[in-house]
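I opened this notebook to record, entry by entry, what I looked up in the structure shown below.

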Amino acid sequence: DLQLTLPTTAGTLDRLERAGNILQVVQGSTSTLVSNTTQTYVDTGLSATIVPTSATSKILVNVYQTLQYYRSASANGVGIQILRGSTVISHPCTNNQGGLTDYIATNSTVLNRYMTYALTILDSPGTANSVTYKAQGRPYLNPDSGLASFQPGGTAHNGTSYIQLIEVAA
């Protein structure tokens, strides 16, 4: 038997593990410049680790990735993918297909753009063990004329990127 004393003022009594409740929030950030001229995805330096309280919890992943893209030839772009551990959970479109998770420019002029990539994913890691989420990026198509820089600095842009991991009870 449990004895419970209720407060005398108005309010609500809730269980933390009720579906939809936020159990914890973890945030990671980085301002370290990372550049890539290859067609291989590289870590952008943006990551955060969370230890879910339950294997049934969901993780709401919010990504705010700053980047600069430079190219001197046509049909180049930049792509970002999000990983849970070594598993890709957000695939960008490939090469010149375009889409919401990458930036593609198809004309033949020189291009130098500062951009922000933002994404929200509700993930089900299925574990109560430590889980790391991270961003990776690369330029598309001709690597000799494309450069993707993550967390670019200078006066033209605030080069800080953020990732938030929000554990939600299921």
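**Entry: Lys58.** I looked up the contacts of Lys58 (contact meaning heavy atoms within 4.5 Å) and found that, not counting residues up to four places away in sequence, Lys58 touches Leu122, Asp123, Ser124, Ile166, Glu167, Val168 and Ala170. This is a predicted model, in which local features need pLDDT of at least 70 and side-chain atom pairs count only at pLDDT 80 or more, while totals for chains, interfaces and linings use all residues. Residues are numbered from 1 along each chain as its sequence is written, and side-chain values use heavy atoms, with hydrogens and water left out.

Lys58 is found in strand S4, where strands (E, at least two residues) and helices (H or I, at least four) are DSSP runs numbered from the N terminus. One of its contacts, Ser124, is reached by a polar contact of 2.9 Å between the two side chains; such a contact is a pair of N or O atoms within 3.5 Å, and within protein one must be able to donate a hydrogen and the other to accept it, with residues adjacent in sequence counting only if both atoms are side-chain atoms. Another, Ile166, is 108 residues away in sequence, yet the two C-alpha atoms are 8.2 Å apart in space.

**Entry: the whole chain.** I then checked the elements and noted that the protein chain has 0 helices and 11 strands. Of its 170 residues, 41% count as buried. Residues 24 or more positions apart account for 81% of the contacts with a separation of 6 or more. The accessible surface comes to about 9300 Å², of which 51% belongs to carbon and sulfur atoms, the areas being from the Shrake-Rupley method with a 1.4 Å probe, and for residues only the protein chains shown count as cover.

**Entry: Thr120.** Thr120 is found in strand S8, and, leaving aside its neighbours within four places in sequence, Thr120 is in contact with Leu60, Val61 and Asn62. The side chains of Thr120 and Asn62 are joined by a polar contact of 2.9 Å.

Entry: S9 is mostly covered, with 7 of its 9 residues buried. S3 and S9 run antiparallel and are joined by 6 bridges (two strands pair if DSSP finds at least two bridges between them), and Asp43 stands opposite Gln136 in S9. Arg138 lies in S9, which spans residues 131-139, and I noted that Arg138 is buried, with a relative accessible area of 9%. What does the side chain of Arg138 reach? The side chain of Arg138 reaches the backbone oxygen of Gln39 at 3.3 Å.

Entry: S10 is largely enclosed by the rest of the structure, because 4 of its 5 residues are buried. Strand S2 (residues 34-36) pairs with S10 in the antiparallel sense over 3 bridges, with Ser35 opposite Ser149; S4 and S10 also run antiparallel and are joined by 5 bridges, with Tyr70 opposite Leu147. Gln151 lies in the loop between S10 and S11, and Gln151 is buried, with a relative accessible area of 1%. Most residues other than glycine have a negative phi. Phi of Gln151, however, is near 60 degrees, a positive value.

**Entry: confidence.** Last, I checked pLDDT, the predictor's confidence in each residue from 0 to 100: the chain averages 82, and 76% of the residues score at least 70. Over residues 96-102 the pLDDT is below 50, and beyond near neighbours in sequence this stretch has 19 contacts in the model. Where pLDDT is low, the predicted coordinates should not be read in detail.

Key. Buried means under 20% relative accessible area, exposed over 50%, partly exposed in between (1.4 Å probe, protein chains only).
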